[in-house]
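Work through the exercises below on the contact between two protein chains. Try each task before reading its solution.

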Amino acid sequence: MVDGQERLLPIANVGRIMKQILPSSAKVSKEAKQTLQECATEFISFVTGEASDKCRKENRKTVNGDDICWALGALGFDNYADAIVRYLHKYREVERDKATQNKATCISSQDKDEESSEDKSNQPPHQQAEAPSTRV
Amino acid sequence: MRQAGTYSGILSGGISGKTGPHLLPLARIKKIMKRSGEDVKMISGESPIVFSKACELFIKELTQRSWMVTMQGKRRTLNKEDVASAVMATDLFDFLVNLVSESGNSGEAPPPLELDTFTSS
């Protein structure tokens, strides 16, 4: 017997997100939270279906993040697509940095040299003043 | 196919997954995606991450619109009828129309059908 709740997003998480956007004095009925829970779940199915269709037409087996972004745009959620593309790129950067850091840790375990882990960063490398010169 | 545990562990700040940037559990999102259709067999590791953000934005938008209805009614408690009104008023949420009207009618009599027979002499 499948637990009905497992087919939905967890209500606690949904409630937390709702709280983020509402004024602190606002109250939300349990039924409203349940409705949001079901709507958000349906949203996932709806968008996934569209993305999956696209993959099928293009003879691809795997639905990826770009397909989801595309589907969001196709279904009218353009304003989400922009924010998510940025979020996805940041996620990919983090993943890349983790991989780079792991490599760097292995190679230079003695070197505690400053290593800018942020790519495309225009920040000057962190410089430490070694010997402060005092003038008397 | 990558498992959800790999990156959710990295970005969710540990085992609990409660703290960290993802507000929704990635494994659950993946389950829902898989149930959406028979065609959905393989899902990239990024997809649940993308949905985690998309759902957050969706929930916030729907909540905000629902709250506007609540305020129009000069109330401080957002109820499910407010959500239904927001869905009806937004073209973007057309796909939810059946869902909110179902939950609205639960426990009530179904709308009258045109099957009434009138005895006419």
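**Exercise 1. State how many residues of chain A and of chain B are in contact, and how much area the two chains bury.**

Solution. Count contacts first, taking heavy atoms within 4.5 Å. In this predicted model, 59 residues of chain A meet 52 residues of chain B. Next, take the buried area: the accessible area (1.4 Å probe) that two parts lose on being put together, summed over both. Chains A and B bury about 5200 Å² between them, and 71% of it lies on carbon and sulfur atoms.

Local features need pLDDT of at least 70 and side-chain atom pairs pLDDT 80 or more, whereas totals for chains, interfaces and linings use all residues. Residues are numbered from 1 along each chain as written, chains are lettered from A and ligands numbered from 1 in written order, and side-chain values use heavy atoms, without hydrogens and water.

**Exercise 2. Find the salt bridges across the interface of chain A and chain B.**

Solution. Apply the rule: a side-chain nitrogen of Lys or Arg within 4 Å of a carboxyl oxygen of Asp or Glu.

**Exercise 3. Which strand of chain B does β1(A) join?**

Solution. Take strands as DSSP E runs of at least two residues. Pairing requires at least two bridges. Two bridges join β1(A) to β2(B), residues 77-78, and the strands run parallel. Within this pairing, A:Lys27 stands opposite B:Thr77.

Conventions: Helix = DSSP H or I, 4+ residues; strand = E, 2+ residues; numbered from the N terminus.
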